[in-house]
Structure formats: C-alpha cells, structure tokens
Amino acid sequence: MSLVTTLKKTGRKMSGALSGDKMAGADEGADVLDLLKEDHDEVKALLKKLVDGKTAAERKSLVKQIKAALVPHVRAEEKTVYDAIIALKDKQPKQDGEEGYLEHALADKTLTGLDKIANAMSPEFSAAAKVLKELVEHHVEEEETNVWSDVRKNFSDEERMEMGRKFQAAKKKVRVP
Ligand SMILES: [Fe+2]
Ligand SMILES: [Fe+2]
C-alpha cells in the first residue's frame, strides 16, 4: 500500500475516532479508487521503462512484470467495478463499463502478442510495446475520468471500501498465464 493510501486510511480512521464512530477504528481497508490508482501508476511506469528498455533481458523481464501487474488488475476491475456500473440502470455507466471491457480485451491481445515476439530488440517488439503503452495510457485516462465519476456518483464511501475489499480478494484469485 502506498504512503498516500496509508495516509488517507489513517485520516479516515482519525476522523472516525474523533466523531466517536466505533466501526471506523476497525481495519476497513481502502477505497477501491485509491487501490486502482496505485495499480495504474505502477503499470504506466513499467510500460515507460519497457519502451525505453536498452537490453533484451531488461525488456523481457519488464514484460513479465507488466503481465503480473496488469492481468490481475484488469480481471478484478472487471468483476468488482465494471460489473457494478453495468448493473446500474443508467445508460452511460453501462456504456462506460462495456467500453472498459473492450479496451481490456485489446490490451490482453497486444500483451499476448508482445510476449510471443522472440527478439525483444526488434522493431516488431518496439512497435508492440509502444502500442500497448499508448493503449493503456488512453484507457487509464478515460477510466479515471468516466468510470470513476460513475463510481463516485453511484456508490457511497462505505460501498467503495467494500468494493476495495472485493477487488483485492479478486486480484489474489487471478492466475497469470
Ligand atoms: Fe484500471
Ligand atoms: Fe481498466
């Protein structure tokens, strides 16, 4: 957990303690959006390193790290966040969720393709790495704007904490191919 999330958590606990809320003292986890943000920043940093990677060994190792971070994130996000907004009755959150699923499928495909390219210093690999980076950056930007606004509008702080718990549990169950 990042320092920022820990600080936010501590802040919430303290405000809970000050207001005399007994439940707030319990370890309630983190807002799902804070957890998503940590993953997004991690994956974006890894993708930047991949594109800038100067040796084949470094690039190969980065592909493994990206897979290990990205695959559990997207599967758990689909289950706990996208499915929740698709289940709402408004059309816009449903569409945002469906769009997210489609972009995840594109990222999966690009990542699988990247993993199959034997020569990590080839133009083919560099192209696939660049496409994956651009795809993820675009996706994350839209997600943090549209999907997160759907989540903030429709779910309370408590519900987002519950989503955070479900997200972390779902991530642990994902098997990285
Ligand atoms: Fe995400
Ligand atoms: Fe996503």
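User: How do helices H3 and H5 lie relative to each other, roughly parallel or roughly antiparallel?
Analyst: Let's start with the angle: H3 (residues 56–86) and H5 (residues 123–154) pack at about 25°, with their axes 13 Å apart. Here helices are DSSP runs (H or I, at least four residues; strands are E, at least two), numbered from the N terminus, and axes are lines fitted to C-alpha atoms over the stretch in contact, with angles running from 0 to 180 degrees between N-to-C directions. Under 35 degrees counts as roughly parallel, over 145 as roughly antiparallel, 65 to 115 as roughly perpendicular and the rest as oblique. So H3 and H5 come out roughly parallel.

User: What kind of model is this?
Analyst: Residues are numbered from 1 along each chain as its sequence is written, chains are lettered from A and ligands numbered from 1 in written order, and side-chain values use heavy atoms, leaving out hydrogens and water. Local features need pLDDT of at least 70, side-chain atom pairs need 80 or more, and totals for chains, interfaces and linings use all residues, since this is a predicted model.

User: How many nonpolar residues are in the contact of H3 with H5?
Analyst: Contact means heavy atoms within 4.5 Å, and the residues making it include Val 63 and His 73 of H3 plus Leu 132 and His 139 of H5. Ala, Val, Leu, Ile, Met, Phe, Trp, Tyr, Cys and Pro count as nonpolar, Asp, Glu, Lys and Arg as charged, and the others, Gly among them, as polar. Set aside three polar and four charged ones, and the nonpolar count is nine.

User: Which residue bridges the two iron ions?
Analyst: Donors are N, O and S atoms within 2.8 Å of the metal (3.2 Å for Na, K and Ca), and water isn't among the atoms, so sites may look incomplete. The iron ion (ligand 2) has Glu 77, Tyr 82, His 104, His 139 and Glu 143. The ions lie 3.1 Å apart, and the bridge between them is Glu 77.

User: At roughly what angle do the axes of H2 and H6 cross?
Analyst: H2 (residues 32–52) and H6 (residues 157–173) are oblique to each other. Their axes come within 7 Å and cross at roughly 45°.
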